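Please report on the ligand site and the strand pairing of this model.

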Amino acid sequence: MSPRAADPFDPHAFRRTLGAFATGVAIVAAEAADGTPVGMTMSSFNSVSLDPPLVLFSVARSALSLPALKTARAFGISVLAQDQQELSNRFARAMGEKWTGVERLTGAHGAPLIAGAAAHLECVPHAIHDGGDHEIFIARVLAHRAEEGAHPLIFHAGRYRSLAAHAH
Ligand SMILES: Cc1cc2nc3c(=O)[nH]c(=O)nc-3n(C[C@H](O)[C@H](O)[C@H](O)COP(=O)(O)O)c2cc1C
């Protein structure tokens, strides 16, 4: 392998390289101690373990939602559908009116979930690890559901995409 020489510490080049890894987009939500919902758009959501069932997401230390996420008793993870780009943008705006007009579902374990998502997971905290300028949350999944046939929202190279159907 001969990677094109790029200064690994040039943040723009590093972001561009990482952006080659296409992901889905999730909104990770929780309730603050006073019951106020917090939520943020997250492309770092990923699977970790099947047994026990664990997932991860990493949260910027600068995120306003971080303190509430660190003390939350449950997380609601909504994997966004292709038609939920507006929600992705809204939950990526710090200080924004994130929840106004959002159809919120409350899971069996009390975590805030967003209606119309391609999949929902309800989780409880398992561990938090140091991740440089992020904190890596590992969460244990208590309940989950994927909507059959839902089309996911995709994020790649700094842009939203949708999946193309391939003929086999
Ligand atoms: C597609 C997309 C993916 C994102 N993924 C993450 C992520 O994995 N971790 C993170 O900390 N911020 C991520 N962000 C940025 C946060 O959503 C954004 O900073 C948000 O405003 C944080 O909310 P808060 O500061 O109100 O808590 C992402 C933004 C977008 C648009």
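## Strand pairing and ligand site

Ala127 stands opposite Ile138 in E10. Strand E10 covers residues 134-146 and runs antiparallel to E9, with 12 bridges joining them. Two strands count as paired if DSSP finds at least two bridges between them. Strands (E, at least two residues) are DSSP runs, numbered from the N terminus.

The model is predicted, so local features need pLDDT of at least 70 and side-chain atom pairs count only at pLDDT 80 or more, while totals for chains, interfaces and linings use all residues. Residues are numbered from 1 along each chain as its sequence is written, and side-chain values use heavy atoms, with hydrogens and water left out.

**Pairs around E9 and E10.** The hairpin of E9 and E10 has 2 residues between the strands. Gly132 in this hairpin takes a positive phi near 65°. E9 (residues 119-131) also runs antiparallel to strand E6 (residues 75-79), joined by 5 bridges. There, Ile77 stands opposite Leu121 in E9. E10 has a further antiparallel partner in E5, over 7 bridges. Phe57 has Phe137 in E10 as its bridge partner.

**An open sheet.** Three strands form an open sheet in the order E1-E11-E12, with antiparallel pairing. Its edge strands are E1 (23-24) and E12 (159-161), and each pairs on one side only. E1 meets strand E11 (residues 154-156) over 2 bridges in the antiparallel sense. Thr23 stands opposite Phe155 in E11.

**Backbone exceptions.** Most residues other than glycine have a negative phi, and most peptide bonds are trans. Ala157 is not a glycine, yet has a positive phi of about 55°. Ala157 lies in the loop between E11 and E12. The peptide bond from Asp51 to Pro52 is cis, with omega near 5°. Pro52 is placed in the loop between strand E4 (46-49) and E5.

The shell holds 19 residues, and the closest are Ser44, Ser58, Ala60, Ser65 and Lys98. The shell divides into 11 nonpolar, 6 polar and 2 charged residues. Strand E3 (37-42) and strand E5 (54-60) each supply at least two residues of this shell.

| Residue | Protein atom | Distance to a ligand oxygen atom |
|---|---|---|
| Thr41 | backbone N or O | 2.8 Å |
| Ala92 | backbone N or O | 2.8 Å |
| Lys98 | polar side-chain atom | 2.8 Å |

Taken alone, the ligand exposes 640 Å², and the protein buries 81% of that. Accessible areas come from the Shrake-Rupley method with a 1.4 Å probe.

Terms used. Near = heavy atom within 4 Å. Polar contact = N/O pair within 3.5 Å; in protein donor to acceptor, adjacent residues only side chain to side chain. Helix = DSSP H or I, 4+ residues; strand = E, 2+ residues; numbered from the N terminus. Nonpolar A, V, L, I, M, F, W, Y, C, P; charged D, E, K, R; others polar.
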